[in-house]
Amino acid sequence: MNWYTTILILLLAAVSIWLGWRIFRQNKNLADLTNAIQDAESNDRFLETLPLDVPQIEDLSNAVHGLAEYMAARIHEAESGQQKLAAILERMSDGVVIADNNGIVTLINPAANRFFNSSSTVGKSVAEVIRHHQLVEAWQRSRESGNPQEESIEIPLTGHFLRLVIQPDLRSGDTLLLVQDLTRLRRLEKVRQDFISNVSHELRTPLASLKALSETLRDGALNDPEAAPRFLERIETEVDALTQMAQELLDLSRIESGQVNLNLERLSPGKLLSSVAERMNMQVERAGLNLSVDASPDLPEILGDRIRLEQVLVNLVHNAVKFTKPGGSISLQAAPDGEMMRISVQDTGAGIPSDELERVFERFYKADRARSGGGTGLGLSIAKHIVEAHGGQIGVESIEGQGSTFFFTIPINN
């Protein structure tokens with residue numbers, strides 16, 4: 001064998017080794033590419049580790065990289081959408097429950113947990129989560145019929161009024177349950193109904209009296225020198241009552257709409273209470289009651305409208321006189337309460353039933369025993385808005401048969 005043959009054999013061997021190595025590298029790169037794609041679901045950064053060079057299959061490599069980039073973008077969008085949805089569900093005031101075809105809860109937001117007084121309930125059945133047979137039956141009807149259903153219930157223990165809207169998905173078999181809290185709307189509707197009823201009552205009484213008095217005068221009493229003045233005085237009294245009601249309604253409307261400007265000034269709580277006590281002293285004495293003022297002269301000054309705050313206090317004292325029997329007492333008190341001054345009117349009167357405490361500040365609301373006591377039922381509502389316009393709060397503490405304490409807070413002038 002000459003040296004030419006030896007060189008040719010060596011060249012062929014080198015070429016064979018080189019081709020074998022290229023084929024090996026190509027197969028290895030293809031295997032790495034395949035493994036990277038297969039691991040994409042469990043690897044959040046698979047695109048960064050994807051092999052970038054696959055010789056002889058550049059078009060396939062580019063197409064795979066393009067598909068990988070598209071998939072990564074879609075995954076990012078899906079994750080972003082899920083985060084936004086989770087944030088929305090977290091902050092929704094309405095409850096949201098999603099159940100699968102087997103009636104197992106797969107999603108529930110905090111509002112729904114709060115309405116049904118439950119903790120995390122994913123994985124439990126709808127019946128276990130809702131625990132109200134009317135709502136469960138509505139959900140079952142929706143599943144069976146495939147039609148949306150609505151059901152409303154009042155929960156006795158919490159006093160909440162809930163409406164459940166059930167929307168089935170016929171394609172997936174899932175069911176969306178939307179829970180709405182209508183408690184506030186029901187209370188507002190109740191207030192509206194009571195307002196209309198009370199307005200009708202308050203207007204009907206003086207109008208009926210005016211009608212009867214005018215008919216009596218027309219039938220001959222007008223010519224009676226003794227009866228005519230008495231009837232005219234009664235007419236004036238009823239007209240005054242209607243005028244007062246109209247004025248108080250106007251005042252209330254202006255205060256609620258913010259049309260009344262407060263003339264704020266620095267006031268001494270003690271002097272404010274003493275001024276009111278002096279104004280009401282004659283009425284208190286006629287009722288056979290004792291009136292006292294408990295306010296230190298060293299109390300810090302408050303920032304308020306003198307006329308409006310006196311209006312609030314006069315109203316509270318007037319109510320205390322009305323519902324306190326002779327021999328009882330009324331006390332006007334003032335004391336600091338943090339950054340606020342707490343001013344209260346305490347009496348030893350009839351007190352207020354516990355089920356009426358939340359409603360005493362509603363427009364026209366009066367307890368049954370007050371019907372014969374006169375008044376429009378607007379005073380406490382006006383007082384409430386005046387106090388809130390000052391940045392304070394008003395409330396009442398009472399035990400039936402043991403008296404009441406109406407109180408309100410006004411910011412201290414720092």
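User: How should I read accessibility for a residue such as Glu-285: is Glu-285 buried or exposed?

Analyst: The general idea is a scale with two cut-offs: buried means under 20% relative accessible area, exposed means over 50%, and partly exposed is in between (1.4 Å probe, protein chains only). Glu-285 counts as exposed because its relative accessibility is 54%. Please note that this is a predicted model, in which local features need pLDDT of at least 70, side-chain atom pairs count only at pLDDT 80 or more, and totals for chains, interfaces and linings use all residues. Residues are numbered from 1 along each chain as its sequence is written, and side-chain values use heavy atoms, with hydrogens and water left out.

User: In which helix is the place of Glu-285?

Analyst: Helices (H or I, at least four residues) and strands (E, at least two) are DSSP runs, numbered from the N terminus. Glu-285 belongs to helix α9, which covers residues 269–286. Its C-alpha atom lies 9.7 Å from that of Val-321, although 36 residues separate Glu-285 and Val-321 in sequence.

User: Val-321 is in α10; how many residues of α10 are buried?

Analyst: In α10, 12 of the 17 residues are buried, which leaves this helix mostly covered. Among them are Leu-309, Val-312, Leu-313, Leu-316 and Val-321, but also Arg-308, Glu-310 and Asn-315.

User: How far apart are the end C-alpha atoms of α10?

Analyst: The expected span of a helix is 1.5 Å times one less than its number of residues. For the 17 residues of α10 this gives 24 Å, and the end C-alpha atoms are 24 Å apart, so the two values agree.

User: How many salt bridges does the rule count?

Analyst: Side chains of opposite charge can pair when their charged atoms come close. The rule for a salt bridge asks for a side-chain nitrogen of Lys or Arg within 4 Å of a carboxyl oxygen of Asp or Glu. By this rule there are 7 salt bridges here. One of them joins Lys-211 to Glu-215, with 3.6 Å between the closest N and O atoms. Both residues lie in helix α7 (residues 183–218), 4 residues apart, which is about one turn of the helix. Lys-211 is partly exposed at 48% relative accessibility, and Glu-215 is partly exposed at 29%.

User: Which parts does the pair of Arg-306 and Glu-265 tie together?

Analyst: Arg-306 forms a salt bridge with Glu-265, and their closest N and O atoms are 3.9 Å apart. Arg-306 is in helix α10 (residues 306–322) and Glu-265 in strand β6 (residues 264–267), so the pair ties together parts that are 41 residues apart in sequence. Arg-306 is partly exposed at 33%, as is Glu-265 at 34%.

User: With which residue does Glu-397 form a salt bridge?

Analyst: Glu-397 pairs with Arg-342, the closest N and O atoms being 4.0 Å apart. Distant parts of the chain are linked in this way: Glu-397 is in strand β11 (residues 394–398) and Arg-342 in strand β10 (residues 340–347), 55 residues apart. Glu-397 is partly exposed at 45%, and Arg-342 is partly exposed at 27%.

User: Over the face of which residue does Arg-342 lie?

Analyst: A charge sits over a ring if NZ of Lys or CZ of Arg is within 6 Å of the ring centre and within 35 degrees of the ring normal. Arg-342 lies over the face of Phe-407, at 4.0 Å from the ring centre. Arg-186 lies over the face of Phe-161, at 4.0 Å from the ring centre.

User: How many aromatic pairs does the structure hold?

Analyst: A pair of aromatic rings is described by the distance of the centres and the angle of the planes. Rings of Phe, Tyr and Trp (its six-membered ring) pair if their centres lie within 6.5 Å; planes under 30 degrees apart count as stacked, over 60 as edge-to-face, and the rest as tilted. The structure holds 1 aromatic pair. Phe-361 and Phe-406 form this edge-to-face pair, with 6.1 Å from centre to centre and 80° between the planes. The two residues are 45 residues apart and link distant parts of the chain, with Phe-361 in the loop between β10 and α11 and Phe-406 in strand β12 (residues 404–411). Phe-361 is buried at 12%, and Phe-406 is buried at 9%.
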